[in-house]
Amino acid sequence: MARGLVVSVAADEGQGVLEADFLVVGAGMAGMTAAGFAAHHGASVVVVEKGPKIGGSAVLSGGGLWTAADVETLRSVNPQGDPELGRVLIEGYEAIGEWIESTGVAISERRPSDVIQGFASWGRSFDVLGYVQRCSRMVIDAGGAVVTGATVQQLIVENGQVAGAVVVDRDGETSVKAPFTLLSSGGFQNDPVLRKKYIGEHADSLLVRSNPNSAGDGLRLGMSVGAGISPHMDGWYGHTVPYPLQRFTPADYLRLAQFGLSPRSILLDRAGNRFIDESVGYYINAQMVSRLPAGHALLVFDDTARAEDASGFGAAEQIDRPREAAREGARVAEADHPGELDAMVKPWGFSGVATAIEQFNRDLANDTLSPPRKRNRCPLRKAPFFAMEVQPAITFTMGGLRIDGHARVLDERGQIIPGLLAAGVDAGGIYYMAYAGGLAYSGVFGMQAAENVLSARS
Ligand SMILES: Cc1cc2nc3c(=O)[nH]c(=O)nc-3n(C[C@H](O)[C@H](O)[C@H](O)COP(=O)(O)OP(=O)(O)OC[C@H]3O[C@@H](n4cnc5c(N)ncnc54)[C@H](O)[C@@H]3O)c2cc1C
């Protein structure tokens, strides 16, 4: 381990032992928030990051720090999520924004962002890369270390309490001893075996839209010392993306995700049937597509939906999605009349598009739609008409370690495991078949985790 970085953290070089107030596993949104906040308030922190750089999925993200406007709104859209974790998120939203602002990075004012998810919410945008770098600087300035290319082999347990971890890097093994260890490794979306086990049979073949390192290490480490897991381990957040794709790299993650278009379209199975209220959540659409026997679906929309999507989201992105998809070699059909689409999608194994458009428009007018349509109740009428074959892509898992509102990991009986904390995606249960922000949730619980360290020092 890069011991040269550890200036004032007590170290026993001979035995490869470091001591700190706080060990953080994973340098993404939750980990760097916890580390920076704790270091800013005087704690010595060691951050261990598996990847070559800090930032995780946070630095690939759109930088939208958003969540539901209040506890009642979150409860109504997310009735199966943990109410206590939800309350902490909402009550901590202002504080995470203020903390980010205090680091000096660019962050916008708080604005209503209801248009994106369809329920009352607040949003701010910030410079995520600048933020994690500032947090890293705070850790180092406070005498701690941020080590990349290192991973945690096992947790150290002493006297019934988690007391740090054995960290492995190119220099070998180091024991990092700390009264608090935070698991913030970003979920298990990169492990097909865990996906299949917890999400379902179909999930091992999912395309992944995340940093490549979040592969369930936090979950495994926590469970190795008796941590419980959250309810609803099968929940996940993701998008539909065009099919087929020759490549799918981080540069494609935002522009190829159909988050604005899928709730405005109709989604059809191979026989041309709708199977979900598409307007409720693009991430629910992705989950439902993954459960279809074919694992693919057809996104059918008109030019009004295309244009609204291209100019939506407060100008965060101006993207002509069908054209971007076609440019990547995906299956996109465009026609002046719905009837022409049928012939175009037949070679892909789909049928019934024209009938589905006609039926959708008619049932919408008669208010007899089944499945129903809560939002975006616009008929598909304006040529050209489009059909895009889509597949699901997972961004992060929603099930994970069981925690309380202070980010303390709980065992299967709900008892606190002393010394062990989890935040961000590693902590499960806040959402199920609903979503109200990833960065805000990870940041708020990163701060909660750091508070444990700070109160123990005071
Ligand atoms: C393309 C994209 C766009 C997004 N846009 C938004 C948005 O606009 N708004 C929003 O709210 N959310 C967004 N998200 C989601 C958001 O990025 C995540 O919810 C958030 O980053 C989760 O924080 P985290 O700390 O749990 O995980 P991450 O930020 O992913 O960090 C986890 C870190 O742990 C590291 N790690 C993994 N295993 C180990 C190990 N064994 N040892 C050490 N380190 C390990 C990983 O390498 C990674 O650096 C987006 C995500 C993506 C991919």
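At what angle do helix H1 and helix H13 pack, and how far apart are their axes? I looked this up first. Helix H1 (residues 29-40) and helix H13 (residues 439-457) pack at about 35°, and their axes are 7 Å apart. The model is predicted: local features need pLDDT of at least 70, side-chain atom pairs count only at pLDDT 80 or more, and totals for chains, interfaces and linings use all residues. Residues are numbered from 1 along each chain as its sequence is written, and side-chain values use heavy atoms, with hydrogens and water left out.

**Entry: H1 and H13**

I noted the terms. Helices (H or I, at least four residues) and strands (E, at least two) are DSSP runs, numbered from the N terminus. Axes are lines fitted to C-alpha atoms, for helices over the stretch in contact, and angles run from 0 to 180 degrees between N-to-C directions. The crossing of H1 and H13 is right-handed (the near helix is turned clockwise from the far one by less than a right angle). From H1, the contact is made by Met29, Ala30, Thr33, Ala34, Phe37 and Ala38. On the H13 side, I found residues including Leu439, Gly443, Met447 and Leu454. Contact here means heavy atoms within 4.5 Å. By class, the contact of H1 with H13 has 10 nonpolar, 4 polar and 1 charged residues. Ala, Val, Leu, Ile, Met, Phe, Trp, Tyr, Cys and Pro count as nonpolar, Asp, Glu, Lys and Arg as charged, and the others, Gly among them, as polar.

**Entry: H11 and H12**

I turned to another helix pair. Helix H11 (residues 338-345) and H12 pack at about 145°, with axes 7 Å apart. Pro338, Gly339, Leu341, Asp342 and Val345 in H11 meet Val353, Ala354 and Ile357 in H12. I read the classes of this contact as 6 nonpolar, 1 polar and 1 charged residues.

**Entry: the ligand**

How many residues surround the ligand? I found 37, and the closest are Glu49, Gly64, Asp217, Val425 and Leu439 (near means a heavy atom within 4 Å). Leu439 also belongs to the H13 side of the helix contact. A ligand oxygen is 2.5 Å from an N or O atom in the side chain of Glu49. Another entry puts an oxygen atom of the ligand 3.3 Å from a polar backbone atom of Gly56. Thr151 has a polar side-chain atom 3.3 Å from a ligand nitrogen.

**Entry: Glu328**

Is Glu328 buried or exposed? Glu328 counts as buried because its relative accessibility is 9% (buried is under 20%, exposed over 50%, partly exposed in between, with a 1.4 Å probe and protein chains only). Glu328 sits in the loop between helix H10 (321-327) and strand S17 (332-335). Its side chain makes a polar contact with the side chain of Arg247 at 3.1 Å. Such a contact is a pair of N or O atoms within 3.5 Å; within protein, one must be able to donate a hydrogen and the other to accept it, and residues adjacent in sequence count only if both atoms are side-chain atoms. Glu328 also touches Pro244, among others.

**Entry: backbone**

The peptide bond from Tyr243 to Pro244 is cis, with omega near -10°. I found a cis bond between Ser370 and Pro371 too, with omega about -5°. Asn159 has a positive phi, near 50°. At 82% relative accessibility, Asn159 counts as exposed. His232 has a positive phi near 55°.

Definitions and conventions: Lists of a residue's contacts leave out its neighbours within four places in sequence.
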